Amino acid sequence: MQNQDYQEFIQIWTAVASLYGNMPQDMAVTIAFRSLQKYELADIKRALTCHVQNPDGGQFMPKPADLFRHLDGDSQSRPLGAWTTIQNAIGRFGRYETIVLDDAIAMRTVEDMGGWIYLCGMSEDEIPFKRDEFTKRYRGYL
């Protein structure tokens, strides 16, 4: 979001707060805006809708962390999604291609595990153990 999105964000945030019988303080809205600023306003709207519709957590006023989970995944699903990307890249490119992933944490985790060539050399029997190691290391970086 850009600074020019602030007024629309205020309207959206206070509308959602009113669903929960709340009226947020101005500073609370500013803090929420700043913490969510790396996302597009359309993504924030989508995440707010998802939160409100969530039967588990949707009965409470959303906090920025709730929206982070909707937008980026939680600390369990993100590492598994990154591992799926790694496995797909191994199958597609193999050990002799250089890869660059959009996910800097995944790249760092691969390096920590011995590098791309080493990881591509794992056997079928090692895959579940490497997946577990990858997800633990990845969560550590999160």
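Which exposed residues does the face of α3 turned away from its buried side carry? That face carries A42 and Q53. The views below come from a predicted model, in which local features need pLDDT of at least 70 and side-chain atom pairs count only at pLDDT 80 or more, while totals for chains, interfaces and linings use all residues. Residues are numbered from 1 along each chain as its sequence is written, and side-chain values use heavy atoms, with hydrogens and water left out.

**View 1. Helix α3 and its two faces.** Helix α3 covers residues 41–53; helices are DSSP runs (H or I, at least four residues), numbered from the N terminus. Its 13 residues reach 18 Å from the first C-alpha to the last, close to the 18 Å expected at 1.5 Å a residue. The expected span is 1.5 Å times one less than the number of residues. L41, I44, A47, L48 and H51 are buried in α3. Seen down the axis of α3, these buried residues fall within an arc of 115°, so they line one face of the helix. The arc is that of the directions from the helix axis to the C-beta atoms. Buried means under 20% relative accessible area, exposed over 50%, and partly exposed in between (1.4 Å probe, protein chains only). The cover over the buried residues of α3 includes α1 (6–19), α2 (26–36) and α4 (64–72).

**View 2. D66 in helix α4.** D66 has its place in helix α4 and is buried, at a relative accessible area of 15%. Leaving aside residues up to four places away in sequence, D66 touches H51 and M61, where contact means heavy atoms within 4.5 Å. The side chain of D66 also meets that of R69 in a salt bridge (2.3 Å, N to O). A salt bridge is a side-chain nitrogen of Lys or Arg within 4 Å of a carboxyl oxygen of Asp or Glu. D66 and R69 are three residues apart in α4, about one helical turn. R69 is partly exposed, at 43% relative accessibility.

**View 3. The salt bridge between K38 and D72.** The structure holds seven salt bridges. In the one between K38 and D72, the closest N and O atoms are 4.0 Å apart. K38 lies in the loop between α2 and α3 and D72 in helix α4, so the pair ties together parts that are 34 residues apart in sequence. K38 is exposed, with a relative accessible area of 65%, whereas D72 is partly exposed, at 29%.
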